[in-house]
Amino acid sequence: MTTWESFDIVLAVLVLPLAFWTIAARETFVAVVSYVAYGLLLALVWVRLGAPDVALAVAAIGSGLSGVLLLGTAARLRDVEEQAAAARPSLLLRVIAAVLSVTVAAGLAVALQFLPDPAPTLAPVAARNLAATGVGNPVTAVLMAFRAMDTLLEKVVLMLALVGVWSLAPDRVWGGRQGPRHQADPQGMLVFLARLLPPVGVVVGVYLLWVSADEPGGAFQGSTILAAMWLLAMLAGLTDTPPVSSRRLRLALIAGPAVFLLVGLGGLWLGDSFLSYPAAWAKTLIVVIEIGMLLTVGLTLALLVAGPPERSARQ
């Protein structure tokens with residue numbers, strides 16, 4: 001048995017029990033911490049499967065950003081957690097839920113046995129046409145060319161999620177600033193890190209975007225790092241959240257989808273269909289779209305973590 005085979009076995013032994021514990025944990029905080037640890041281990045699994053792009057996305061978004069959101073939610077639910085624990089469903093309801101879960105899992109396992117062999121796939125067709133996009137990274141090519149409509153709709157869903165968070169604001173602070181204004185010790189470690197890390201983080205985030213045309217990376221991964229750097233500066237009190245009513249903020253939030261949509265409409269004019277890229281401009285247009293996505297997604301992710309408006313625009 002090789003070293004890597006031993007490593008894979010250790011990963012499997014750690015990931016599966018941790019996934020079960022994440023679901024079974026009764027305390028919200030314990031479940032969230034388990035979920036973050038599970039995401040980090042899952043990123044290692046994707047690395048071992050030869051999918052570094054997916055590993056970056058899982059570590060940055062699936063574990064990092066989602067973990068921060070869930071930790072904030074757990075903190076807000078701390079006062080009502082005992083009431084929620086007391087309102088446990090009856091034994092009969094839990095048995096029914098368990099039986100249904102096992103039935104669905106067994107049905108999926110049986111269905112897998114009847115799949116055609118070899119399974120139908122468009123992978124060979126996509127691989128033959130990758131060169132037409134001018135992009136060397138197959139993940140970027142698939143997301144921005146063959147699944148471009150899905151990628152565009154993902155940005156719209158993020159915007160709708162942010163609008164949903166903003167809608168939770170009380171009427172008296174509608175259009176105001178999100179979250180409390182943080183004040184940290186000017187001589188403390190948090191302020192020191194907030195001054196040291198963001199320049200490096202911005203370079204790394206832009207680098208992940210730039211190399212994604214030919215190497216593992218991407219706008220989502222880069223924007224997550226940029227969002228984390230902005231949140232770090234806000235937590236240290238070096239900057240504040242912009243008012244939701246800011247016109248410049250709203251224009252920046254729609255910049256990514258707007259550029260994506262304009263390029264798609266240009267495909268109707270210059271190409272054969274919506275979101276079809278002219279061969280001579282394919283790589284350039286994909287990079288332009290991802291630059292817009294980097295700005296919009298980074299802002300959206302940071303504002304989602306910041307939560308609904310809690311102060312007026314002047315506070």
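Reader: What makes up the secondary structure of the chain, and how are its elements counted?

Author: The chain holds twelve helices and two strands. A helix is a DSSP run of H or I of at least four residues, a strand a run of E of at least two, and both are numbered from the N terminus. In order, the elements read α-α-α-α-α-α-α-α-β-α-α-α-α-β. The model is predicted, with local features requiring pLDDT of at least 70 and side-chain atom pairs pLDDT 80 or more, while totals for chains, interfaces and linings use all residues. Residues are numbered from 1 along each chain as its sequence is written, and side-chain values use heavy atoms, without hydrogens and water.

Reader: How do you know that the span of α2 agrees with its number of residues?

Author: The expected span is 1.5 Å times one less than the number of residues. Helix α2 (residues 28-48) has 21 residues and should therefore span 30 Å; its end C-alpha atoms are 30 Å apart, so the two values agree.

Reader: Why is Leu 42 called partly exposed?

Author: A residue is buried under 20% relative accessible area, exposed over 50%, and partly exposed in between (1.4 Å probe, protein chains only). Leu 42, which is found in helix α2, has a relative accessibility of 23% and therefore counts as partly exposed. Its C-alpha lies 9.9 Å from that of Val 54, twelve residues away in sequence.

Reader: Which residues of α2 are buried, and what do they pack against?

Author: Ala 31, Val 32, Ser 34, Gly 39, Leu 41 and Ala 43 are the buried residues of α2. They pack against α1 (3-24) and α3 (52-76), where contact means heavy atoms within 4.5 Å. Just after α2, Gly 50 has a positive phi of about 80°.

Reader: What makes the buried residues of α7 line one face of the helix?

Author: The buried residues of α7 (residues 138-146) are Thr 140, Ala 141 and Met 144. Seen down the axis of α7, these buried residues fall within an arc of 100°, so they line one face; the arc is that of the directions from the helix axis to the C-beta atoms. An α-helix has 3.6 residues a turn, so residues three or four places apart point the same way. The cover of the buried residues of α7 includes α8 (148-166), α11 (247-270) and α12 (282-306).

Reader: How many of the residues in the chain are buried, and how many contacts join residues at least 24 apart?

Author: Of the 315 residues, 35% are buried. Among contacts between residues at least 6 apart in sequence, 75% join residues at least 24 apart.
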